Amino acid sequence: MPSMGVILKNHNKSVLETEGQEEAVRQCNCRDKPNCPLQGHCLTTSSIYQADVLTEDGGSHTYFGLAEKDFKTRWSNRGRSFGTEKCESETELSKLVWELGSRSIQCGIEWRAVAGCGSCRPGS
């Protein structure tokens, strides 16, 4: 019969291995999956994304960005810059959205992942 130490060691090993596997598989944590900003891949890390700004008058603007951490965190910060006037100059995309709003032009944004990339570490 194995000792209690061996039983605990084996249990901890299996729990830790399972947790790592779940994180690797999880790609989206949206409550409303059909409305995920990246079509079910919002937890993708180190990605280059594209935002297409479509205006009610038929115009369109394209913006590319980089999310080192997960896209959803970056997207959430974008939402803050679109809705908070003091943050209107944080990014080129928010400047565009605020400019269109000042001219009373309604717009919508469609997001998509373009490519994955490795994260950059200074000195490595």
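Q: How many of the 11 residues of strand β1 are buried?
A: This is a predicted model, in which local features need pLDDT of at least 70 and side-chain atom pairs count only at pLDDT 80 or more, while totals for chains, interfaces and linings use all residues. Residues are numbered from 1 along each chain as its sequence is written, and side-chain values use heavy atoms, with hydrogens and water left out. A residue is buried under 20% relative accessible area, exposed over 50% and partly exposed in between (1.4 Å probe, protein chains only). Strand β1 is largely enclosed by the rest of the structure, because the number of its residues that are buried is eight.

Q: Which residue is the bridge partner of Ala51 in β3?
A: Two strands pair if DSSP finds at least two bridges between them. Strands β1 and β3 run antiparallel and are joined by nine bridges. In β3, the partner of Ala51 is Trp111.

Q: Which residue in the turn between β1 and β2 has a positive phi?
A: Strands β1 and β2 also pair in the antiparallel sense, over nine bridges, and Gln50 has Phe64 as its bridge partner in β2. The two strands form a hairpin with four residues between them. In this turn, a positive phi of about 95 degrees belongs to Gly58.

Q: What is the relative accessibility of Ser47?
A: Ser47 is found in strand β1. Leaving aside neighbours within four places in sequence, its contacts (heavy atoms within 4.5 Å) are Gly65, Leu66, Ala67, Ala115, Gly116 and Cys117. Ser47 counts as buried, because its relative accessibility is 1%.

Q: Why do the buried residues of α3 line one face of the helix, and within what arc do they fall?
A: In α3 (residues 92-102), Leu93, Ser94, Leu96, Val97 and Leu100 are buried. Seen down the axis of α3, these buried residues line one face because they fall within an arc (that of the directions from the helix axis to the C-beta atoms) of 160 degrees.

Q: Which elements do the buried residues of α3 pack against?
A: On the other side of α3, Glu92 and Ser102 are exposed. The buried residues of α3 instead pack against β1 (45-55), β2 (60-70), α2 (71-83) and β3 (107-116).

Q: How many disulfides does a search of the whole structure find?
A: A disulfide is a pair of cysteine sulfur atoms within 2.5 Å. The sulfur of Cys42 lies 3.7 Å from the closest cysteine sulfur, in Cys30, and is therefore too far for a bond. Over the whole structure, the number of disulfides found is zero.
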